[in-house]
Amino acid sequence: MKELRRNILHCIGNTSLLVLRNIGPGNGSRILLKLESENPTGSMKDRMALAMIAAAEADGRLTADGSVVEYTGGSTGVSLSLVCTVKGYPLHIVTSDAFAREKLDHMKILGARLQIVRSESGRMTAKLTRDMVEAAGIIAEETGSFWTDQLNNRDQLAAYHDMAEEIWNQTGGRIDGFVQSVGTAASLRGAAEALRRHNERIRIIAVEPSESPVLSGGRTGAHKIDGIGAGFVVPLWQEDIADGIEQVSTEEAMAMAVRLAREEGLFAGTSTGANVIAALRLAEQLGPDATIVTVMCDTGMKYLSK
């Protein structure tokens, strides 16, 4: 008989690792996908939301009568909405019409109060990110709320250390490469730190939109891959985090998301599509017998309207 869980937050983490059967390189290497869609809100962000709130509770930044504020493209907001409603904290979210309607509706259903910042033709840009950050800062100052401030918050790194430990154990230590797209950079950085403690030779690859290749030294631009590509070099990014950076276009990411659904039965978002494309490229570089792990960041159910 399985252990009973005290609340939904105890269902976060310990997600499955799946071998891709049909989408793979032709050189004998294999790609494994960490199914973060199994988390309660269907996203890896459940891990970091819980970590940020728990750390703030532990050191007194968030008290029992406190409230929380954050800016978000959606998945972090949905995850914070889950954590805050279970723990009883009012939550104010700054987001935008650039992001999937399903995410905004999910946040509201879980009890969050939303402030919508208008975008430029529904696209993600550096200006939009900065406008949301500024709005969240104003709300935090005016209301005295705890601002999780995901672009700067290092508490979330521990959540991705845990994810990497799961990956290490699930692969039995047989992992040659790890690939992850960059939003705040916390998931890539946290996973890389933990994996390299086990094996410094694991190749770490960052993924960014080719329309806005700022980590690669390119110009900022607009794209439609939800949750990644802030349009500027984010504070948690460190140049030595990754051994390489792969650029993937919105069109490529969308096409791969469709392939994952039709060829693997995996309904994922565009950031997952970008991850798999970059993983395929790395697999070709590493050659036969290599094992590449990447992440199914969330479920495609969050993007049906897009």
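Guide: One term before we start: two strands pair if DSSP finds at least two bridges between them. Also, this is a predicted model.
Visitor: Okay, so what is the bridge partner of Val 68 in β4?
Guide: That partner is Leu 91. Val 68 belongs to strand β3 (residues 68-71), which pairs with strand β4 (residues 91-96) over 4 bridges in the parallel sense.
Visitor: And what is the strand order in the open sheet?
Guide: The order is β5-β4-β3-β6, and the pairing is parallel. β5 (113-117) and β6 (146-147) are the edge strands, each pairing on one side only.
Visitor: Which strands does α2 touch when it packs on the sheet?
Guide: Helix α2 touches β3 and β4, and its direction makes about 170° with that of β4.
Visitor: Switching to helices: at what angle do α1 and α2 cross?
Guide: Helix α1 (residues 45-59) and helix α2 (residues 75-87) cross at roughly 50°, with their axes coming within 8 Å. The two are therefore oblique to each other. The crossing is right-handed.
Visitor: Which residues make that contact?
Guide: Among them are Met 48, Leu 50 and Ile 53 of α1, along with Leu 80, Leu 82 and Val 83 of α2. The contact residues divide into 9 nonpolar, 3 polar and 4 charged.
Visitor: How about α7 and α8, how do their axes cross?
Guide: Helix α7 (residues 250-264) and helix α8 (residues 270-286) cross at roughly 90°, and their axes come within 7 Å. So α7 and α8 are roughly perpendicular to each other. Their contact includes Met 256 and Leu 260 of α7 and Val 276 and Ile 277 of α8.

How values were computed:
Residues numbered from 1 in each chain as written. Predicted model: local features only at pLDDT ≥ 70, side-chain atom pairs only at ≥ 80, totals over all residues. Heavy atoms only, no water. Axes fitted to C-alpha atoms, helices over the stretch in contact; angles between N-to-C directions. Parallel < 35°, antiparallel > 145°, perpendicular 65-115°, else oblique. Left-handed = near helix turned anticlockwise from the far one by under 90°. Contact = heavy atoms within 4.5 Å. Nonpolar A, V, L, I, M, F, W, Y, C, P; charged D, E, K, R; others polar.
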